[in-house]
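This note is written for a colleague who is new to the structure. Please read the points below alongside the sequence and the model.

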Amino acid sequence: MKQTETKDHAGLAEDFIKDEERVNWHDGALWYIREKRDIASKQIPEWEALREAASQIKNNVISNLHDYLLQFEANLTKNGVKVHWANNADEHNAIVYSILKAKGITEMVKSKSMLTEECHLNEYLEERGIGVINSDLGEYIQQLDNEPPSHIVLPCIHKRKEEIGELFHEHLGTEKGLSDPTLLTRVARKHLRNVFLTRRGALTGVNFAVAETGEYVVCTNEGNADMGAHLSEVQIASMGLEKIIPQKKHLSVFLRLLARSATGQPITIYSSHYKKPREGQEMHLILVDAGRTRQLGRTDFRNSLKCIKCGGCMNTCPVYRKSGGLSYHNTISGPIGAILAPNLDMKKHADLPYASTLCGSCSNVCPVKINIHEQLYKWRQVIVKEGYAANTKALGMKAMAWTLASPEKFSTAGKAGRWFLHNIPFVVNNKFNPWYKQREMPEGPKESFAEWYAKNEK
Amino acid sequence: MFVTGYIMTVGLFIPCYVNQFYPDAAKATLQLLQKLGVEVVYPAKQTCCGQPMANSGFAHLTSDCDALFIQNFAEFDYIVAPSASCVLHVKDHLHSAENEGKAEGIRGKIYELVEFLTDVLKIEKLDAVFPHKVGIHHSCHGLRGLYLSQMTELNAAPFSKPQQLLNMVSGLEQVSLDRPDECCGFGGTFCVAEEAVSVKMGKDRVTDHSKNGAEYITSSDLSCLMHLEGILHRNKSKVKVVHIAEILNATV
Ligand code: SF4
């Protein structure tokens, strides 16, 4: 993995922004998708009602998770699927390894699954002599570059086509300088076809798991999940506990929302339902907790588990668009990543809830109506209380609270000049005033409004 | 308000940085309300709503600030401020252990200037003249917090209270933008803590206005405008910022 862990979001974003031309097209490409989402959502008169329905269904799911999971497990078992429960990433990885090992499989094809990224499954298996190929084109590219995905739906959105051409030249032997997306895709397809035909083990993620029937649905645009699964002897699905929906009919709500929110398509090209193994095939499903039940226990943050991973909040987020997904140094980036990550490691991710202006656009595109920006605000309060805000910052804020609580002190501070701008930079403990780096200060007027009012209006 | 013969008294809340840096916007707010027949009082002992602390994660330190706010403003019929962001903070977060009733009262009667004009005074005309091309910057707290306009994210009928008021100003031409409600990147302490992203966001907003021909960028939030003005000045742009109160109060 490329090392990006030492800097915080602000530092990593600053690096990303140095290449302004890249930022401009990154921002433009994602804004284009947000606009496509707007058009698609506005073609459906009942759009807001659909969002409300999805939100309510998911509220019901997270309030009754225990029962739905048991129902799902019972139905899977009845259908002939073997069910495994994993408490954390290690347990999950060990289960996958033991399934493959029992069958003597040394190479596996994987379709898109953010959960296995979260668990660092590829590294785990590779250390144990099992090769993994990501078959989603974007993830395949990221894997060639040994870099995690920067976006949950568009894993290599931060890469120029020329950079992808260079990677293909290096790893797949294409002609130097080839950067035509269609030609590059053809090359990737040829390589992946061979992978599909030779791999005996296939792993997919899960978009929706239907408790009522024990089936699960995987949504892709490339059909790669199906190619892998249909040709495999052993099919494994890894899912987070929260992916449950109660009934099959609820898919009609979620499938309509997912692709429109993600890319502005009416539906993903493939919405594949998997229910029981073929003759001679083994099917396994791993239910993974990895922090989800802890989040469920946090009243203010539990409804982050409603997320259907459409990526809409990332596309609309101006901070995400200007700073790139990798600056969030977490598998799930963007606004939703910033409310999920502190649950996993509060100290490491204390910066993420601050990587937002709290503009609220995310909460209003979210197809399941997660109050993302309010949760960002609430995480800030938790992070400060748990002592993860830098001490100097905390002291600065105390001084500020003290000043603001007393009118006498406030007016002295005011007369001393540019109270606001002098104090805020101090609060974040910067040596130089970061306001002034690329911005002028407001011109200080001769008298404040309070002074003018005292003279003229009383 | 004139029907009963009772003249309402409005407590004028001028946020800390407006008082310090943009007294003209505060004066315009005061004069505009007075012109419309409202009795306005500016309590001298006011400081700040506490938002800078709360948004940084220090909401637990704002109780003294809240108490002072209640002391200053509890008695008025309405409280009006030329800042959507501060108003939203008070509406969402003002509380008091001793005086929750008063805090609740304030949360219900505090208005941002634009919504006070359109929803409480319900004005239909203004004697304002501003012969310029103007782009509206919707502050996020005004847009998505106070619903001053319809946001583009939703599939819902469009409306815009600031636009409704600017339509009453003679000579004013509103420019349309490529991204009508994108955040400017100010974000309170975000503007310094995430300086690079903040400035890039601001630069892109400014470009949208200037390339669409705006001479002025206006908003109901001076915090956004202060940030955008800082960028405009640094880049020696001819585009100016002006608080919406100053336009609505402009006569020549
Ligand atoms: S939080 Fe909402 S908008 Fe963001 S990825 Fe999840 S479902 Fe989509």
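Predicted model: local features only at pLDDT ≥ 70, side-chain atom pairs only at ≥ 80, totals over all residues.

1. Residues are numbered from 1 along each chain as its sequence is written, chains are lettered from A and ligands numbered from 1 in the order in which they are written, and side-chain values use heavy atoms, with hydrogens and water left out.

2. Chain B is assigned domain 1 (9–120) and domain 2 (133–248), the bounds coming from an automatic or database domain assignment. The C-alpha centres of these two domains of chain B are 22 Å apart. Contact, meaning heavy atoms within 4.5 Å, joins 26 residues of domain 1 of chain B to 22 residues of domain 2 of chain B.

3. Between them, domain 1 and domain 2 of chain B bury about 2,000 Å², with 70% of it on carbon and sulfur atoms. Buried area is the accessible area (1.4 Å probe) that two parts lose on being put together, summed over both. On the domain 1 side, Tyr22(B), Leu88(B) and Val114(B) lose the most area to domain 2 of chain B, together 27% of what that side buries.

4. Between the two domains of chain B there is one salt bridge, that is, a side-chain nitrogen of Lys or Arg within 4 Å of a carboxyl oxygen of Asp or Glu. The side chains of Asp119(B) and Lys161(B) form a salt bridge at 2.7 Å, N to O. Nine residue pairs, both at pLDDT 80 or more, are in polar contact between domain 1 and domain 2 of chain B. A polar contact is a pair of N or O atoms within 3.5 Å; within protein, one must be able to donate a hydrogen and the other to accept it, and residues adjacent in sequence count only if both atoms are side-chain atoms.

5. The contact between the chains involves 73 residues of chain B and 81 residues of chain A. Chain B and chain A bury about 6,800 Å² between them, 64% of it on carbon and sulfur atoms. In chain B, Phe21(B), Asn155(B) and Arg234(B) lose the most area to chain A, together 11% of what that side buries.

6. Eight salt bridges are counted between chain B and chain A. Glu20(A) forms a salt bridge with Lys200(B), with the closest N and O atoms 2.9 Å apart. Glu153(B) and Arg34(A) also form a salt bridge, their closest N and O atoms being 3.6 Å apart. This pair crosses from the loop between helix 8 (140–145) and helix 9 (161–166) of chain B to helix 2 (residues 20–42) of chain A. Helices (H or I, at least four residues) and strands (E, at least two) are DSSP runs, numbered from the N terminus.

7. In chain A, four strands make an open sheet of mixed pairing in the order 8-5-6-9; two strands pair if DSSP finds at least two bridges between them. Strand 8 (244–245) and strand 9 (270–274) of chain A are at the edges, each with a single partner strand, so one side of each has no neighbour in the sheet. Strand 6 (residues 215–220) of chain A pairs with strand 9 of chain A in the antiparallel sense over five bridges. Tyr216(A) has Tyr274(A), in strand 9 of chain A, as its bridge partner.
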